[in-house]
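Thanks for coming. Please have the sequence and the model open.

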Amino acid sequence: MNSSTTAGQERKSPGRPRNAQADESILDAVLGLLSDGQSAAAISIEAVAAKAGVGKATIYRRWPNKETLIIDAVRSMKGPLPELAGLSVREDLIALIKAHRTPRAERFSKVTACLLPEMQRDTELARMYQAYVEPRREVTRQVLRRGIETGELRADLDVELTQLMLSAPGMIQSMLRMTSSVPAEDFPEALVDAILRGAAA
């Protein structure tokens, strides 16, 4: 994939007012192709246009290339983070993990699985994706840092490693169904409690 541009930097000004319905149809077409198992490299603007029921020119008026279109599609699917109560580290971490286990999030996991091989080969696409998900990771870091300050968590806690330990298991289970012996019911609570047994003060 040619990723010489970054999302948002070279977005062309539309020749006519944007149509929100057309935008949604185009982004949903990209997500549909990815969640059906097509790789990012295999997806073409022609295929997106056909699935969305629009012309190629409609897409190019909105996105300068396929890479920015794919990143915008991923961004549209992720959805907002939950509002955290801030009463306890445990409850906030559980809320964050539950936000990634909705039907919408499951579709996101399928799309991410299709993008992973592309991101390994294409450093610019990987950079764009990481720049997008980084603010969401920072929310988890903030919860952990707050827990250290309030004494709920160990003072010597490795925030970065703990954040990774909280996010990776859910992603692996959603994308690969790695083990059937881990029940989906109460998974967020079980994961947080397992990690807090080592992280709690």
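This is a predicted model: local features need pLDDT of at least 70, side-chain atom pairs count only at pLDDT 80 or more; totals for chains, interfaces and linings use all residues.

Helix α1 covers residues 20-35. Its partner is α2, which is made of residues 45-52. The axes of α1 and α2 are 8 Å apart, and the angle between them is about 115°. Angles of 65 to 115 degrees count as roughly perpendicular, and α1 and α2 are therefore roughly perpendicular to each other. The crossing of α1 with α2 is right-handed.

Which residues make this contact? On α1 they are S25, I26, A29, V30, G32 and L33. On α2 they are A47, V48, K51 and A52. Sorted by type, the residues of this contact come to seven nonpolar, two polar and one charged.

The second pair is α5 and α9. Helix α5 consists of residues 89-99, and helix α9 of residues 187-199. Here the packing angle is about 135°, and the axes lie 9 Å apart. That angle makes α5 oblique to α9. The crossing of α5 and α9 is right-handed.

From α5, the contact takes in R90, L93, I94, I97 and K98. From α9, it takes in P188, E189, L191, V192, D193 and L196. The residues where α5 meets α9 divide into seven nonpolar and four charged, with no polar ones.

Now to the charged pairs. In general, side chains of opposite charge can pair when their charged atoms come close. How many salt bridges does the model have? The count comes to twelve. I will take three of them in turn.

One is between E46 and K56, whose closest N and O atoms are 3.2 Å apart.

Another salt bridge joins R146 and D92, at 2.9 Å from N to O. This pair links distant parts of the chain, with R146 in helix α7 and D92 in helix α5, 54 residues apart. Helix α7 spans residues 123-150. R146 is partly exposed, at 24% relative accessible area. D92 is buried, because its relative accessible area is 2% and buried means under 20%. Note that D92 belongs to α5, the helix I described packing with α9.

The last one stays inside α7. E134 and R137 form a salt bridge with their closest N and O atoms 3.9 Å apart. Where do E134 and R137 sit relative to each other in helix α7? They are three residues apart in the helix, so about one helical turn separates them. E134, at 30% relative accessibility, counts as partly exposed. R137 is partly exposed too, with a relative accessible area of 27%.

This bridge also belongs to a wider set. Salt bridges with shared partners join E134, R137, E138, R141, R145 and E160 into one network.

That is the end of my part.

Technical notes: Residues are numbered from 1 along each chain as its sequence is written. Side-chain values use heavy atoms; hydrogens and water are left out. Axes are lines fitted to C-alpha atoms, for helices over the stretch in contact, and angles run from 0 to 180 degrees between N-to-C directions. Helices (H or I, at least four residues) and strands (E, at least two) are DSSP runs, numbered from the N terminus. Angles under 35 degrees count as roughly parallel, over 145 as roughly antiparallel, 65 to 115 as roughly perpendicular and the rest as oblique. A crossing is left-handed if the near helix is turned anticlockwise from the far one by less than a right angle, and right-handed if clockwise. Contact means heavy atoms within 4.5 Å. Ala, Val, Leu, Ile, Met, Phe, Trp, Tyr, Cys and Pro count as nonpolar, Asp, Glu, Lys and Arg as charged, and the others, Gly among them, as polar. A salt bridge is a side-chain nitrogen of Lys or Arg within 4 Å of a carboxyl oxygen of Asp or Glu. Buried means under 20% relative accessible area, exposed over 50%, partly exposed in between (1.4 Å probe, protein chains only).
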